[in-house]
Amino acid sequence: MAVPKLQKNSGKKSLFPQLCNFIYLIPSLPNQFIYTKQKKVYSIEDVKSYEQQTKEFLKYSSATEINDAEALRNVLRFHEYRYYVISEPLLTDYDYDMLYKLLQEWEKAHPENIPADSPTQRVGSSLNKDFPKRQHLVPMLSLDNSYNADDLVEWDRRVRESTGLDEIMYCAEPKFDGASISLQYEDDQLVAATTRGDGEVGDDITLNAKQIRSVPLSASFSKYGIAQIEIRGEVMMNKQSFASFNEGLAGEGLATLANPRNAAAGSLRMKDSRQVARRNLEAFLYNVSFERDKTADNKQKPTTHSGMLQMLWQLGFKSPVKEMKVLKGIGEVIKFIGEYEESRDSLAYEIDGMVIKVDSLELQDKLGMTSHHPRWAMAYKYKARQAESVLIGVEYQVGRTGAVTPVAKIKPVQVSGVTVGSISIHNEDYIKEKDLKLGDKIIIERSGDVIPQIVRSVTEDRTGKETEIIFPTTCPVCNDALYKPEGEAVWRCVNINCKAQVVERIIHFVSKDAMDIKGFGEANVRRFYEQEIITDIPSIYHLQEDKLQGLEGFGQKSIENLLVGIEASKTQALHRIIYALGIRYVGETTAKTLAQVITTIFELKDKTIEELQVVDDVGVKVAASLHEFFANEDNIHMLEELQNAGIVMERAASTGTAEGKFTGMTFLFTGTLAQLKRSEAEADVEAHGGKILSGVSSKLTYLIVGADAGSKLEKAKKMTGIKILSEEEFLKMI
């Protein structure tokens, strides 16, 4: 096959590599080395060289322009390491693919000069020395890919010629943008989970994979006569979970992640599997790579790829049966790809294209594979949503933990249906690494169709009128000197009385998941603080009616509702009070854990860091943060004020399981509820004596189903004794 001629990229469109916000300078070696999370050191000069070489290679329209193929190989090796090993890519998929195809074209013309370690001769490695290694039953190869329909037509021609057929039945399914995983089952039991690794060997992440609820610990493959099977898939965060995860990172003053794939890949490599369970990861399984039958003559298993996906779905796996489509001929495939791209924004998951596979498993075997990719599959990749804008200013926001976050103000621009005018630029190091200047023309992208980010500044279009971005040395609110803890990328205001921090702490304190004071939203907190109606958290409980009378929007009923909400919050559960304090690294789950091991909140004042670490789910950072908070006399004084104001600082005495109409019954909720929050619905069940289960089992009495219910619903349908109810039916019950 003739390699399609590459289109020449202008400097404005090519996306050369930029340093991610996970890279930071070693303080002891300023301006000399860049230090990555995996402890690999690159000189800044080397990185700049890779960046410049990448820009130059991306300008080439043909492999005939290459006079140093090894330099191109080294550039690709560098970007492979960033992508596969440490999950911190510096180059977009599109630009990487263009460079890869450029090298392929050169090596095709010079087959005598292809070294064994060329990037075209192997799969990128993602082995991690912190995990044991496991051999794949079948090599885990990459997919050949393209960005244009002509390549699909050419691929279809080769498939038809190799099979001797006039038309092929294809199965098209979304190309999920996650972290690759391989699952092995023997005698119906999950025995291993492995990352892609180098394609032959991967990291054994079995314990972490078991924390993903959509990965069955057992499945009845024996019903299909299968004794051993290896399944391939992607582990992902959906868009909503990713946005919530990034919000949590930002709230703790930590760097947010660029996309859901990085979040998923990083989660799989966590040493503490309990942390993995909190990440709301999901696994889509989309290919059976190996299976061994119980008998030589097994007619029970499916004979098509689409049939295999149906089998996985029936066995309780999350496979793309709803998203896939079996199509006759490449013409129908191309039409389907275009239609699917139009609905991309509405999907719950990030996808970066479509995968087309020959549906017949017999034909797949006949077509075989190269050393790099199967001949029976092709990936069509969608281009990322990008737009051009201008960086017109930078504002600095101070969070409740004192973290100072720069926010780029850009000329408003539409990106995939959303107008973007502000983009977080994370921290000072990020600004330097991206080489951002005021007045720069910039390329922005909605990563994961959720979080906008700056891809790069268009440095080649600079006029000389652009100006440096000077990060402040003092707090933009209280003017106190900023401080950057060793090993962190974030500058902080350490003045606990800084107005910005005080306001943010109050907003968090009254929020729905904390003290849940009705009528006390963010706008009212800011308004009351500016007018000195409230000055700090304890002042909330000294709010008088006469202070609110006459305020615009506050009639007598609104005032009464707010005061009732304040009074009701005094009896909130202890874990809500702990969470409401806004202690760094202490989320809702940790707050609940802490509340179970103390009787009164003041007990935390006397616990050492070592004693705190004994508590489940409390690690070194959390323990240190708790100890620091309760060692501060100002914080203890605040808690005493709150107690004197009537807030109950003790854990309610356990009276055993509540008795009610649901006594002896168990419940589980799945999908999105329209009228209730999940936490509210679960609280209603417990208030009536019922019990909440974490998964579908024979012990489950009721499964309450909301919108977009998934595998739990399918699993419940296959079991007897479980009653499936809608949200409306549940509401009638209570």
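A residue is called buried when its relative accessible area is under 20%, exposed when the area is over 50%, and partly exposed in between, using a 1.4 Å probe and protein chains only. This briefing applies those terms to a predicted model, in which local features need pLDDT of at least 70, side-chain atom pairs count only at pLDDT 80 or more, and totals for chains, interfaces and linings use all residues. Residues are numbered from 1 along each chain as its sequence is written, and side-chain values use heavy atoms, with hydrogens and water left out.

**Confidence**

- The average pLDDT (the predictor's confidence in each residue, from 0 to 100) is 81 for the protein, and 85% of the residues score at least 70.

**Helix H10**

- In helix H10 (residues 329–342), the buried residues are Gly329, Ile330, Val333, Phe336, Ile337 and Tyr340.
- Seen down the axis of H10, these residues fall within an arc of 130° and so line one face of the helix; the arc is that of the directions from the helix axis to the C-beta atoms.
- Lys335 and Glu342 are exposed on the other side of H10.
- The packing partners of the buried residues of H10 are helix H4 (149–163), strand E6 (169–176), E12, strand E13 (351–358) and strand E14 (377–381).

**Helix H20**

- Helix H20 (residues 620–631) has 12 residues and reaches 16 Å from its first C-alpha to its last, close to the 16 Å expected at 1.5 Å times one less than the number of residues.
- Val622, Ala623, Ser625, Leu626, Phe629 and Phe630 are buried in H20.
- They lie on the same side of H20, because they cover an arc of only 165° around the axis.
- Val620, Lys621 and Glu628 are exposed on the face of H20 turned away from the buried side.

**Cysteines**

- A search of the whole structure finds zero disulfides, a disulfide being a pair of cysteine sulfur atoms within 2.5 Å.
- Cysteine 493 is in no disulfide, and the nearest cysteine sulfur, that of cysteine 478, is 3.5 Å away.
- Cysteine 493 is buried, with a relative accessible area of 2%.
- Cysteine 171 is buried, with a relative accessible area of 0%.

Conventions:
Helix = DSSP H or I, 4+ residues; strand = E, 2+ residues; numbered from the N terminus. Contact = heavy atoms within 4.5 Å.
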